[in-house]
Amino acid sequence: MNHSRSNAGAPREPDLPPYQVVLSETDWGSLETPFGNGEDLPEVLSRLLTPDPRVQVNALSELGEMVGHQNTIYEATAPAAMYVAGILTHPAATTPRPYRNVPIRAALLSWLASTAYDASDEIAGRTEQHFPDFLAPGTIVASFRDLRPMLYRAVSPFLRDSHEDVREAAVIAALAEHRDHLAVHARSILDTSGNGHNQRVAQKALEAWGHDATDSGPFLEGSWDWGPHSDGRSYLEPPF
């Protein structure tokens, strides 16, 4: 078998550690959260693997507040994201969410997408205009951004998932990596999705890559909405 020599000697990017290792070997109590430290996070993260979807979505909602309050990246955000990415293939991720026949995996991917967006080039660049050292090596946000290739590899198997909601959530999560080969997936979301926010994210990505994204139909503008009636962190209400 012939192998290209172009990558010979290139350092191998680290794999995502098993979620069990992330949970057990992270010193959660030493990590900053908006409400103190992360000593309560192992219990919340563990509840994501329960067979009860109501427990799972409540845990995901709590997690969002504990490591992403006010769209901010904290010290505890990175290991929490690694854990969520690590359980995407767990059987518990296939549990149908309440009131809809949509796997919880779609919610996990949407959570990763929202978290990644808080450290995206768009947000980081805007913040750096006011705080020049915002992305200096070793800062919390810079360290989180260093994880993006690892998180992308965990998300990418679901880009062609058989379930539309999972597939679309995976594309939006992966767009944080700004990989040009995602253009075809972004174009599909822009043309066919009923989710206005996802369409906007896809449009911005296509425009950044130099693709024409002006011939799609109108879509609703909005921000990441994780409210009680959204498609985000809280899914307990029926779709009225």
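**Figure 1. Helices H3 and H5 lie roughly parallel to each other.** In this predicted model, the two axes cross at roughly 5°, and an angle under 35 degrees counts as roughly parallel. The axes come within 11 Å of each other. On the H3 side, the contact is made by Pro53, Gln56, Val57, Leu60, Leu63, Gly64 and Val67. On the H5 side, Ile104, Ala107, Leu108 and Trp111 take part. By class, the residues of the contact of H3 with H5 divide into nine nonpolar, two polar and no charged. Residues three or four places apart on an α-helix point the same way, because the helix has 3.6 residues a turn.

**Figure 2. Helices H4 and H5 run roughly antiparallel to each other.** Their axes cross at roughly 150°, and angles over 145 degrees count as roughly antiparallel. The axes of H4 and H5 come within 10 Å. H4 passes H5 in a left-handed crossing. From H4, the contact takes in Thr77, Ala80, Ala81, Val84 and Ala85. From H5, it takes in Leu108, Trp111, Leu112 and Thr115. Seven residues of the contact of H4 with H5 are nonpolar and two are polar, with no charged residues.

**Figure 3. Helix H4 packs against helix H8.** H4 covers residues 77-86 and H8 covers residues 148-155. Their axes are 9 Å apart and meet at an angle of about 20°, so H4 and H8 are roughly parallel to each other. The crossing in which H4 passes H8 is left-handed. Ala81, Met82 and Ala85 in H4 meet Met150, Leu151 and Ala154 in H8. The residues of this contact are six nonpolar, no polar and no charged.

**Figure 4. Leu49 sits in the loop between helix H2 and helix H3.** H2 spans residues 41-46 and H3 spans residues 53-68. Leu49 has a relative accessible area of 22% and is therefore partly exposed; a residue counts as buried under 20%. Leaving aside neighbours within four places in sequence, Leu49 is in contact with Tyr19, Tyr83, Ile87, His90 and Ala92. One of these, Ile87, is 38 residues from Leu49 in sequence. In space, the C-alpha atoms of Leu49 and Ile87 are 8.1 Å apart.

Figure 5. Gln70 has a positive phi of about 55° although it is not a glycine. Asn71, also a residue other than glycine, has a positive phi near 55°. Gln70 has a relative accessible area of 63%, and because exposed means over 50%, Gln70 counts as exposed. Asn71 has a relative accessible area of 48% and is partly exposed.

**Figure 6. Helix H9 is largely enclosed by the rest of the structure.** H9 runs over residues 164-174, and eight of its 11 residues are buried. The buried residues are Val166, Glu168, Ala169, Ala170, Val171, Ile172, Ala173 and Ala174. A charged residue, Glu168, is among them.

**Figure 7. Ala173 is a residue of helix H9.** Its relative accessibility is 10%, so Ala173 counts as buried. Apart from neighbours within four places in sequence, Ala173 is in contact with Leu109, Ala113 and Val155. Val155 lies 18 residues from Ala173 in sequence. The C-alpha atoms of Ala173 and Val155 are 7.2 Å apart in space.

**Figure 8. The chain as a whole, shown for orientation, has 11 helices and two strands.** From the N terminus on, the elements run α-β-β-α-α-α-α-α-α-α-α-α-α. Of the 240 residues of the chain, 48% count as buried. The chain exposes about 12400 Å², and carbon and sulfur atoms supply 51% of this area. Among contacts between residues at least 6 apart in sequence, 62% join residues at least 24 apart.

Methods. Residues numbered from 1 in each chain as written. Predicted model: local features only at pLDDT ≥ 70, side-chain atom pairs only at ≥ 80, totals over all residues. Heavy atoms only, no water. Buried < 20%, exposed > 50% of the residue type's maximum accessible area, 1.4 Å probe, protein only. Helix = DSSP H or I, 4+ residues; strand = E, 2+ residues; numbered from the N terminus. Contact = heavy atoms within 4.5 Å. Areas by Shrake-Rupley, 256 points an atom, 1.4 Å probe, with all protein chains shown as cover. Axes fitted to C-alpha atoms, helices over the stretch in contact; angles between N-to-C directions. Parallel < 35°, antiparallel > 145°, perpendicular 65-115°, else oblique. Left-handed = near helix turned anticlockwise from the far one by under 90°.
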